[in-house]
Amino acid sequence: MSKEVKPESVSLNPLGTAAAPESELLCIYGTGDLGRSLGLRLLQSGYRVVYGSRRPHSCGPLPQGAQVMSHAAASQSAGLVFICIHREHYEFLEALAPQLKGKVLVDVSNNLKKNLYPEANAEYLQRLVPGAHVVKGFNTLSAWALQNGPTDANRQVYLCGNSAEAKQAVAEAATKLGFSVLDRGSLSAARELEDFPLQLFPEWRLPLRVAVGLTAFFFFYVLLRDVVYTYVYEGKDISFRIMVSLANKVFPIVSLIMLALCYLPGVIAAVLQLYRGNQIQAFP
Ligand SMILES: NC(=O)c1ccc[n+]([C@@H]2O[C@H](COP(=O)([O-])OP(=O)(O)OC[C@H]3O[C@@H](n4cnc5c(N)ncnc54)[C@H](OP(=O)(O)O)[C@@H]3O)[C@@H](O)[C@H]2O)c1
């Protein structure tokens with residue numbers, strides 16, 4: 001790794017070795033976990049990357065091919081700046097407002113709990129740098145997911161922002177990185193996006209209702225068939241079995257149906273893909 005030290009700029013590798021000189025230059029503020037993973041992914045996707053850091057000469061190891069400079073110098077020639085910094089450190093960006101005017105700022109930040117601040121992080125950033133176009137996005141991806149590339153379970157990037165052009169620019173980068181983009185509207189949706197990573201099993205209600213409904217249905221079915229029928233037609237009282245043998249029938253039946261409901265759609269989809277001969281065509 002060659003290191004060229006200039007007063008304000010450190011090149012971790014000659015830029016030409018990582019991406020063609022004509023490829024677009026993107027800026028990342030922050031050389032932490034997310035900044036590093038994102039930078040690596042951008043470089044692998046053909047972008048040039050420049051980091052803005054408080055310590056351009058002593059920050060940790062960065063992806064080969066990236067440059068690192070002071071914040072002001074880094075964003076000078078990039079139109080799009082990823083802010084990979086925790087919200088509590090955003091204040092310094094206010095002083096950079098003149099340099100960041102007209103640029104697209106991507107707010108990737110998350111919070112440790114809901115309603116920690118009166119306004120969403122992205123709205124706060126927009127207030128600090130009113131001349132920039134803030135887009136909220138990428139916050140639902142972990143550094144690990146960014147570094148390893150999209151997987152089936154982690155392929156979506158949610159975006160929101162007030163400028164359609166700015167969102168388009170971020171969406172293009174996300175698409176080039178292999179993610180699919182979901183536009184959630186204006187910046188007022190930022191809080192909702194920031195709450196996504198804090199949700200634990202957000203869609204638990206329907207599966208729970210299905211499981212309880214199936215359990216009740218099969219319990220009464222087995223009760224009628226095994227206990228009531230035997231009592232009425234054979235005169236035998238086997239109600240003592242309700243708690244054990246009925247439960248032993250009901251729970252496996254419900255478990256198997258729940259498993260089938262989870263996996264059967266995937267199996268049907270796979271069969272459909274084999275039939276169509278490709279895996280790219282979208283499902284209805
Ligand atoms: N890690 C993840 O998986 C993940 C996933 C989704 C979203 N995020 C979000 O991404 C952002 C960065 O997360 P991270 O995990 O990369 O954090 P991190 O590893 O702690 O890195 C944050 C970076 O911010 C810069 N920084 C720290 N204090 C600063 C200050 N006082 N003023 C200016 N810059 C400062 C530092 O870069 P320099 O030393 O170069 O200035 C530091 O490396 C956070 O908002 C987080 O919520 C992270």
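The largest cavity in this predicted model holds about 40 Å³ of space, and the count of cavities of 30 Å³ or more comes to one. If you look at what surrounds this space, you will find that the lining is made by Asn 111, Lys 113, Lys 114, Asn 115, Arg 191, Glu 194, Asp 195 and Leu 198, and that these residues divide into five charged, two polar and one nonpolar.

Let me stay with Glu 194, one of the lining residues, and turn to its charged partner. The side chain of Glu 194 meets that of Lys 136 in a salt bridge, with 2.9 Å from N to O. This pair links distant parts of the chain, since Lys 136 sits in strand β8, residues 133–137, while Glu 194 belongs to helix α9, residues 190–195, and the two are 58 residues apart. Are these two residues buried or exposed? Both Lys 136 and Glu 194 are buried.

Across the whole structure, a search finds nine salt bridges, and I would like to mention two others. Glu 119 pairs with Arg 127, where the closest N and O atoms are 2.4 Å apart, and Arg 127 counts as exposed because its relative accessible area is 52%, over the 50% cut-off. Glu 234 forms a salt bridge with Lys 236, with 3.7 Å between the closest N and O atoms; Glu 234 is partly exposed at 48% relative accessibility, and Lys 236 is partly exposed, with a relative accessible area of 48%. Shared partners, in turn, join Asp 107, Lys 136 and Glu 194 into one network of salt bridges.

Finally, the overall layout: the chain is divided into domain 1, 4–198, and domain 2, 205–276, whose C-alpha centres lie 50 Å apart.

Technical notes. Residues are numbered from 1 along each chain as its sequence is written. This is a predicted model: local features need pLDDT of at least 70, side-chain atom pairs count only at pLDDT 80 or more; totals for chains, interfaces and linings use all residues. Side-chain values use heavy atoms; hydrogens and water are left out. Domain bounds come from an automatic or database domain assignment. On a 1 Å grid over the protein atoms alone, a cavity is a set of points where a 1.4 Å probe fits but cannot get out, and a pocket is an open set with protein on both sides within 12 Å along at least five of seven lines; lining residues have an atom within 4 Å of a point. Grid points are joined across faces, edges and corners, and a volume is the space filled by probe spheres set on the points. Ala, Val, Leu, Ile, Met, Phe, Trp, Tyr, Cys and Pro count as nonpolar, Asp, Glu, Lys and Arg as charged, and the others, Gly among them, as polar. A salt bridge is a side-chain nitrogen of Lys or Arg within 4 Å of a carboxyl oxygen of Asp or Glu. Buried means under 20% relative accessible area, exposed over 50%, partly exposed in between (1.4 Å probe, protein chains only). Helices (H or I, at least four residues) and strands (E, at least two) are DSSP runs, numbered from the N terminus.
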